[in-house]
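Subject: Structure for you to look through

Hi,

Here is the structure I promised to pass on. Have it open while you read, and I'll walk you through what turned up.

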Amino acid sequence: MFWDKKIETMKPDDLQKLQLKRLKKTLSQVQHVDFYRNLLSDAGVRPSSIKTLDDIQKIPFTKKLDLRAGYPFGFFAVPMKKIVRIHTTSGTTGKPTVVGYTQKDLDTWADLIARNMTMVGVGENDIFQNMVNYGMFTGGLGFHYGAEKIGMTVIPSATGNTKRQIEMIMDFGVTTIHCTPSYAMHLSEIAEEMNASLDSLKTGIFGAEPWSESVRNSLEKRLGLTAYDSYGLSELFGPGVAFECPERDGLHIWHDSFFVEIINPKTGEQLSDGERGELVVTPLVKEAMPLLRYRTGDETVMIEDGCLCRRGQKIARITGRSDDMLVIRGINVFPSQIEHVLLKIPEVGNQFMVYIDRINHLDEMTVEVEINHDYFSGELADLARLQKKVVKELRDALELRTTVKIVEPGSLPRFEGKAKRVIDRRAVI
Amino acid sequence: MDTQKFVIRQISIFSENRPGRLAAIAHALGEENINILAFSIAEANGFGVVRALVDYPEKAHDKLFSLGYNVAFTDVIAVRMKDQPGGLYEVAKVLGDAGVNIEYSYAYSGKEGAVLILRVDQVDEAIKKIKNSGATLLERSVFH
């Protein structure tokens with residue numbers, strides 16, 4: 001089933017023409033952003049320099065770090081009165097990355113979600129429980145509006161209270177759910193404990209963190225549904241950038257809306273189909289916050305073979321990152337954010353270690369910090385207070401509950417070369 | 001009354017809660033010929049504080065500090081109590097009646113009887129009340 005068959009099955013020649021036209025439009029749109037005016041003029045790129053899609057390689061990359069300099073609204077290419085919504089996502093340090101949307105952007109975004117959901121065969125006869133955060137995270141509202149657009153009955157259940165989530169699935173006859181794969185696993189266990197039957201479920205859409213085929217098998221068995229992978233990032237609207245079709249053999253990325261390159265993350269060179277590298281995306285239809293050659297940090301490969309469903313070229317499911325970003329319970333965390341928080345707390349040192357475990361299918365993050373010599377009062381209560389303070393500061397900055405362990409000064413490893421402060425002990429499941 | 005002479009310096013050492021930490025601290029003090037008169041361990045959430053009364057507090061502090069430990073002095077008082085039923089009650093009642101709160105406490109029973117070590121919220125008040133009750137407080141000069 002298609003939401004927009006003409007666009008989704010466009011012939012390569014027509015698609016490239018459309019991409020070039022939209023790329024040129026995007027180039028003129030970025031002229032409203034100081035960062036891009038300077039970037040392009042420094043690189044000697046004029047609008048007339050881009051004659052073919054290959055010419056995009058003349059344009060320098062945009063990195064997550066660049067967005068920080070524009071905080072909060074420096075990357076908006078339209079006046080504030082045209083911005084109808086903002087979302088935020090993790091930044092690399094203290095401040096989040098802010099993304100903005102015009103009304104047209106919201107329509108485009110909902111349309112992309114509508115394509116994805118129609119592709120996996122859900123529609124107006126389905127009841128959809130959206131079990132992700134409805135706040136600043138793009139996953140909640142993004143899916144919400146897309147699902148409404150195709151006429152689904154939407155239950156904006158958001159996160160938390162797993163027993164109630166299960167009751168709603170049963171009582172409302174929910175057919176389709178959206179959440180992180182680890183939460184789905186947790187949900188299936190609680191359902192088992194409750195002896196709840198989730199027979200109405202048919203389709204599961206899982207995203208916001210990488211997950212394996214064995215998780216897919218186990219989710220399908222436990223929840224009695226067909227599981228689809230969803231990919232997106234807030235800088236590119238949010239979810240909806242790429243999605244599995246019923247073949248479930250790679251993600252269809254929407255080439256009319258996103259120009260895709262795979263690069264060698266070290267050299268920046270473009271790689272050919274079949275070569276693994278970092279996904280770089282130039283959104284072609286964004287109005288409020290256009291970006292050029294945005295480095296997603298996600299690693300994938302362009303799949304050479306076409307798809308039976310006749311949609312465009314697929315990328316492999318995302319399994320890793322080319323930077324040090326962590327995904328903890330679906331939330332993006334940069335180790336530099338943790339460092340930034342600790343720097344502001346004088347009672348603890350600047351050395352830290354992060355351990356990530358998966359306990360009962362949920363990610364748990366433990367941060368070890370050293371107490372500073374000068375701040376030890378000799379009182380246990382002061383230490384307990386300090387521990388709580390670090391937990392709170394981390395939660396405020398990362399929107400994530402962590403376990404904080406205070407350790408003796410000098411006991412954490414010191415690194416001479418590249419620091420390896422994160423030990424991810426989650427088994428690949 | 002000069003209450004100061006009854007204020008005793010306990011050393012408090014931050015320690016992670018894992019095997020071998022107490023042994024390491026005790027070994028360091030042994031090397032310096034420092035005798036531990038009494039000690040206790042308070043534990044919370046993965047870490048603890050080792051509290052000790054030693055015969056040479058200054059020396060103990062410097063030694064542990066030089067080894068990289070987090071060490072602090074904490075003012076406590078030490079009361080002789082009768083090593084018999086009701087002994088603890090007598091001391092605790094005096095403080096309770098005076099509205100002095102005991103934050104923590106530990107005890108040892110030595111050659112000259114039992115000693116109760118107290119960390120209280122109002123040190124001066126505690127010393128006065130205990131003195132008035134006729135009980136004996138250990139003097140700071142016992143420790144070098």
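This is a predicted model: local features need pLDDT of at least 70, side-chain atom pairs count only at pLDDT 80 or more; totals for chains, interfaces and linings use all residues.

Let's start in chain B, where 10 residues of domain 1 are in contact with 14 residues of domain 2. "In contact" here means that the C-beta atoms of two residues, placed from the backbone, lie within 7 Å. On the domain 1 side of that contact, β1 (8-16) and β2 (36-44) of chain B each supply at least two residues, and β2(B) gives the most, with four residues. By type, the domain 1 side divides into seven nonpolar, three polar and no charged residues. The sorting goes like this: Ala, Val, Leu, Ile, Met, Phe, Trp, Tyr, Cys and Pro count as nonpolar, Asp, Glu, Lys and Arg as charged, and the others, Gly among them, as polar.

Residues are numbered from 1 along each chain as its sequence is written, and chains are lettered from A and ligands numbered from 1 in the order in which they are written.

Back to chain B. Its domain assignment gives domain 1 (6-74) and domain 2 (76-142); such bounds come from an automatic or database domain assignment. The centres of these two domains of chain B, taken over C-alpha atoms, are separated by 22 Å.

Now look at two helices of chain B, α3 (residues 87-97) and α4 (residues 123-132): their axes come within 9 Å and cross at roughly 125°. The axes are lines fitted to C-alpha atoms, for helices over the stretch in contact, and the angles run from 0 to 180 degrees between N-to-C directions. α3(B) and α4(B) are therefore oblique to each other (under 35 degrees counts as roughly parallel, over 145 as roughly antiparallel, 65 to 115 as roughly perpendicular and the rest as oblique). Which residues meet where α3(B) and α4(B) touch? From α3(B) there are V91(B), V94(B) and L95(B), and they meet A126(B), K129(B) and I130(B) in α4(B). The residues of this contact divide into five nonpolar, no polar and one charged.

On to chain A, which is divided into domain 1 (1-323) and domain 2 (331-424). Their centres, again over C-alpha atoms, are 32 Å apart. Nine residues of domain 1 of chain A are in contact with 11 residues of domain 2 of chain A. Helix α8 (residues 181-194) of chain A provides the largest share of the domain 1 side, four residues. That side of domain 1 of chain A holds one nonpolar, seven polar and one charged residue.

What about the two chains together? Their contact takes 15 residues from chain A and 15 residues from chain B. On the chain A side, α11 (380-398) and β19 (403-407) are the elements that give two or more residues, with α11(A) giving the most, four residues. The chain A side divides into eight nonpolar, five polar and two charged residues.

- A cis peptide bond joins Y71(A) and P72(A), with omega about -5°. P72(A) sits in the loop between α4 and β1 of chain A.
- F73(A) lies in the loop between α4 (64-69) and β1 (85-89) of chain A. Is F73(A) buried or partly exposed? F73(A) is partly exposed, with 13 other C-beta atoms within 10 Å. For that label, 20 or more other C-beta atoms within 10 Å of a residue's own make it buried, 12 or fewer exposed, and anything in between partly exposed, with C-beta atoms placed from the backbone. Leaving aside neighbours within four places in sequence, F73(A) is in contact with M80(A), V98(A) and G100(A). F73(A) and V98(A) are 25 residues apart in sequence, but 7.0 Å apart in space, C-alpha to C-alpha.
- R248(A) is not a glycine, although its phi is positive, about 50°. R248(A) is in the loop between β8 (238-244) and β9 (251-253) of chain A.
- R310(A), also a residue other than glycine, has a positive phi near 75°. R310(A) is exposed, with 11 other C-beta atoms within 10 Å.

Happy browsing!
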